[in-house]
Amino acid sequence: MNHLLCPVCRGQLKLNSNALQCENRHCFDIAKEGYVNLLTGSKAGALIGDNKDMAKSRKSFLDKGYFSPLAQGLAEIAKSNSPETVLDICCGEGYYTAFIKEKVSAEIYGFDISKEMVRLAAKRKSGAHFFVANMADIPIFDGSIDLAFHLFAPFCEKEFARVIKPGGLLISVCPGKRHLFEMKAKLYDSPYENEEAAPEIEGFETEKAQNITANIKLDCQENIDSLFRMTPYYYHTSASDKEKLKAIESLETQTDFYIRTYRRK
């Protein structure tokens, strides 16, 4: 864990028995699962981000392979760039991190603001280093990351520019135009396509844009509900429209992931 900063004084964290400690003796215990909580000013991140049930549901859904084309695509991008250090920003329960770790020999870090997500990520025993942290204040040294992944989360471009090396890559993933369109057609009378406009990010230039698409079949209500809860639609859909989705036992829908590659100037 050579690239981790103390969130209190910004000194380097080093392994000391079963904890990480800086020269000013700020100490952070390593949990039995292998992760460390570097989120300050909270109850260990337990009440922030996805809760235990949401994290468990997400892990169960992803482990069934519905989004494996995306995970494999990201792993191939990592392999083709031969990075020495990789950062999975908002890593969730570590599904994508594990795929990437299988393809590259880099030192890989992953973090999320949800303690429960990070706990599940660490339990995968992928060999990556996981920690709880806020994307707005990433406890990673300046210019120490060759390749960072950022999936389905807001941008914090100043922090991204700070931790990624000049010439390094940021791989960002958001829903493509037709992502889950058939699910939306079940929910809404007038479903719409997603916007794929790549934002300009200060300190980066867009190098490439591509889509990874696949068709999936959800064969039970549990899987339909798990996928729905992973989307922003779950929080912005009326109760009456949610009932439409609960009434079906299977669903075929397209997955469409828009991947943008940015180069750090």
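1. Let's start with the second largest pocket. Strand β9 (residues 164-175) gives the largest share of its lining, with four residues. Keep in mind as you look around that this is a predicted model.

2. How many residues line that pocket altogether? The count is 13, and the ones nearest the centre are Phe 155, Val 173, Cys 174, Pro 175 and Arg 260. The pocket's volume comes to about 160 Å³.

3. Next, have a look at strand β5, which covers residues 85-89. Is this strand mostly covered or mostly open? It is mostly covered, as five of its five residues are buried.

4. A handy rule for reading strands: in a regular strand, side chains alternate between the two faces of the sheet. In β5, Thr 85, Leu 87 and Ile 89 sit on one side, while Val 86 and Asp 88 sit on the other. Both faces are covered, and these residues are all buried.

5. Which strands pair with β5? One of them is β6 (residues 107-112), in the parallel sense, over five bridges. Within this pairing, Ile 89 stands opposite Phe 111 of β6. To get from β5 to β6, the chain passes through helix α3 (residues 95-103), making a right-handed β-α-β crossover.

6. β5 also pairs with strand β8 (residues 145-151), again in the parallel sense, over four bridges. Here you can find Leu 87 opposite Ala 148 of β8.

Terms used. Residues are numbered from 1 along each chain as its sequence is written. This is a predicted model: local features need pLDDT of at least 70, side-chain atom pairs count only at pLDDT 80 or more; totals for chains, interfaces and linings use all residues. Side-chain values use heavy atoms; hydrogens and water are left out. Buried means under 20% relative accessible area, exposed over 50%, partly exposed in between (1.4 Å probe, protein chains only). Helices (H or I, at least four residues) and strands (E, at least two) are DSSP runs, numbered from the N terminus. Two strands pair if DSSP finds at least two bridges between them. A crossover is right-handed if, with the strands pointing away from the viewer, the path from the first strand over the helix to the second runs clockwise. On a 1 Å grid over the protein atoms alone, a cavity is a set of points where a 1.4 Å probe fits but cannot get out, and a pocket is an open set with protein on both sides within 12 Å along at least five of seven lines; lining residues have an atom within 4 Å of a point. Grid points are joined across faces, edges and corners, and a volume is the space filled by probe spheres set on the points.
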